[in-house]
Amino acid sequence: MQNYPNPFNPITYIRFAVKTYGMVKLIIFDVAGREIYVPVNELLKPGIYEVSWDASSLSSGVYFYRFVAEGLT
């Protein structure tokens, strides 16, 4: 799902759905490809989840996130 608000300043919310029990990882990167933050890295049950990310300590710019679950990225 799309994060909201987008663009954001300084907090955004990332929603995602998990269909089967398993390992889930959410990683946030800067434009240089450096890993900035990993808000989720755990076994999760099926359901809809939401995490917030406060980027107030980072410079303004573009950030990307990668969601890995159920063998998909």
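The legends below describe close-up views of a predicted model. Local features need pLDDT of at least 70 and side-chain atom pairs count only at pLDDT 80 or more, while totals for chains, interfaces and linings use all residues. Residues are numbered from 1 along each chain as its sequence is written, and side-chain values use heavy atoms, with hydrogens and water left out.

View 1. Thr12 belongs to strand E1, residues 11-18 (strands are DSSP runs of at least two residues, numbered from the N terminus). Thr12 has a relative accessible area of 1% and is therefore buried (buried means under 20%, exposed over 50%, and partly exposed in between, with a 1.4 Å probe and protein chains only). A polar atom of the Thr12 side chain lies 3.1 Å from the backbone oxygen of Tyr4. Beyond neighbours within four places in sequence, Thr12 is in contact with residues including Pro5, Val51 and Trp53 (contact means heavy atoms within 4.5 Å).

**View 2. Ile11 in strand E1.** Ile11 also lies in strand E1, but because its relative accessible area is 33%, Ile11 is partly exposed.

**View 3. The largest nonpolar core.** This core has 12 residues in all, among them Ile14, Phe16, Val24, Leu44 and Trp53 (a nonpolar core is a set of buried Ala, Val, Leu, Ile, Met, Phe, Trp, Tyr and Cys residues joined through side-chain atoms within 4.5 Å). Strands E1, E2 (22-30), E3 (35-44) and E4 (47-54) each supply at least two residues of this core. Leaving out residues up to four places away in sequence, Phe16 touches Met1, Val40, Tyr49 and Phe67, among others.

Definitions and conventions: Helix = DSSP H or I, 4+ residues; strand = E, 2+ residues; numbered from the N terminus. Polar contact = N/O pair within 3.5 Å; in protein donor to acceptor, adjacent residues only side chain to side chain.
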